[in-house]
Amino acid sequence: MTDLTKLTIAQARDAMRKGDTTSAEITQACLSAIDGAGALGAFVHHTPDIAATQAAAADARIKAGDAPDMCGIPLGIKDLFCTKGVPSQAASRILQGFKPEYESTVTTQLFDAGAVMLGKLNMDEFAMGSSNETSVYGNAVNPWKAGDVKLTPGGSSGGSAAAVAADLCLAATGTDTGGSIRQPAAFTGITGLKPTYGRVSRWGIVAFASSLDQAGPMTKDVRDCAIMLQAMCGHDPKDSTSADLPVPDFEAALTGDIKGKVIGIPKEYRMDGMPAEIEKLWADGTAMLKDAGAVIRDITLPHTKYALPAYYVIAPAEASSNLARYDGVRFGHRAKLAQGDGITEMYEKTRAEGFGAEVQRRVMVGTYVLSAGFYDAYYNRARKVRTLIKQDFEAVFADGVDAILTPATPSAAFGLGEMADADPIKMYLNDVFTVTVNLAGLPGIAVPTGIDAQGLPLGLQLIGRPWEEAGLLNTAYVLEQAAGFVAKPKKWW
């Protein structure tokens, strides 16, 4: 059998059912791979004992014939998900030492389905970043390389993307507030799905921007996304935004038939200065879907140009509110106080020491736009723009469009340190193709479809109708099969 760490979820599931391998064997292979991949900085908390116990239980379920599809599958869990008794820091100093007494709904459902936790994965602090360089653990590194330059795996789910691309785990959880699943997936040559807002429970996930955050799978291919999403979904009464809707059989929807489906190509995504290789990738993807029988239609989403500024008002505003709870009183880091310091000094010093520069920047921006003198000028105006962006998508879907094809990122992965000290707006522009999906609450998926001149992966994004992840996954499956992307990073770590 092939290297066990290289198996997809579907391959591992089938092999374990046939008795060709066991969860314990796959899990041990992944743990060994993780031990040899410290240079990638992907895993930040290791849980080999938990993994061994869960794998043994999974093997017993498989042997008894009582095994869901995710049973025995070794996963990495983004550090944003609370995991009972295991450090859950959101890559921030302010949550240093925090071990929750509860389990997030997503990880509960995955573990109930028999999945195995290998450990916690690196990320940008509080999911604020596009390069994984704001993490208190230090940056994760893309397993793909261009010469001697070390590249970002993207953010905020950079550790998740790096771990899956490097075959350290069979799949990983991610979260997406403005592109944090799809951008790192595109940068590392894997598949990443952001579901419809409300499809997956947010309970037990450390909040960044509550009206935008959504958890999703990061996997080696589209079929694995469908299998993993199935286990992650479902109504959760503990999350007031969780939708009480039936969960389709996402894997069964992968028929490969998209004849007659209408694919929209939005003119507003043709940005000034877009690299020729991104233009070609988009044109090639369009041709692939047309050859598969889809109807290609030019569409307009006129308020797209306002999405990025609206997002960077709304997200920091919600973050400033959500992060107000981190004060050093009940859990996490607490600053050492000088004689005579009171509770005000404790709050100030703890938050100054505990939050990194990017988180502080966003909290300050958020506090500013919510302040009495600027609430209407910035926050309320941004909310109105958000409504217009959502209405643009609603109009297009009402006109018969089934999915929308766009680039996933404006470039391939860039070098670590390349943007870290630059104008932060330059970094924020990485989200230019992805934030609209979060603002409108839609499902979106990034699929690897090509390679740039340096040999780095490039991805395309498909945006679907709300609650129609099944159809979106099928269209992505067709694109994946047509593109035939099979490249893997050459091991250097």
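A residue is called buried under 20% relative accessible area, exposed over 50%, and partly exposed in between, using a 1.4 Å probe and protein chains only. By that scale E279 is partly exposed, at a relative accessible area of 30%. The structure is a predicted model, in which local features need pLDDT of at least 70, side-chain atom pairs count only at pLDDT 80 or more, and totals for chains, interfaces and linings use all residues. Residues are numbered from 1 along each chain as its sequence is written, and side-chain values use heavy atoms, with hydrogens and water left out.

**Helix 4**

- Helices (H or I, at least four residues) and strands (E, at least two) are DSSP runs, numbered from the N terminus.
- Helix 4 covers residues 105–112, and six of its eight residues are buried, so the rest of the structure largely encloses it.
- The buried residues of helix 4 are T105, V106, T107, Q109, L110 and F111.
- Among the elements that cover these buried residues are helix 3 (48–63), strand 3 (116–121) and helix 7 (222–232).
- After helix 4 comes G114, which has a positive phi, near 95 degrees.

**Nonpolar core**

- A nonpolar core is a set of buried Ala, Val, Leu, Ile, Met, Phe, Trp, Tyr and Cys residues joined through side-chain atoms within 4.5 Å.
- The largest such core has 157 residues, and M70, F126, F393 and L473 have the most contacts inside it.
- Helix 9 (residues 307–322) gives the most to this core, with ten residues.
- Contact means heavy atoms within 4.5 Å.
- Leaving aside neighbours within four places in sequence, the contacts of M70 include L110, A113 and G114.

**Salt bridges**

- A salt bridge is a side-chain nitrogen of Lys or Arg within 4 Å of a carboxyl oxygen of Asp or Glu.
- The structure holds 22 salt bridges.
- One of them joins K120 and D79, with the closest N and O atoms 3.7 Å apart.
- K120 lies in strand 3 and D79 in the loop between strand 2 and helix 4, so this pair ties together parts 41 residues apart in sequence.
- K120 is buried, at 0% relative accessibility, and D79 is buried with a relative accessible area of 0%.
- R270 and E279 form a salt bridge of 3.2 Å, N to O; R270 is partly exposed, at 42%.
- D327 pairs with R330, the closest N and O atoms being 3.9 Å apart.
- D327 is buried, at 14% relative accessibility, whereas R330 is exposed, at 60%.
- Salt bridges that share partners link R13, D14, D69, R223 and E251 into one network.
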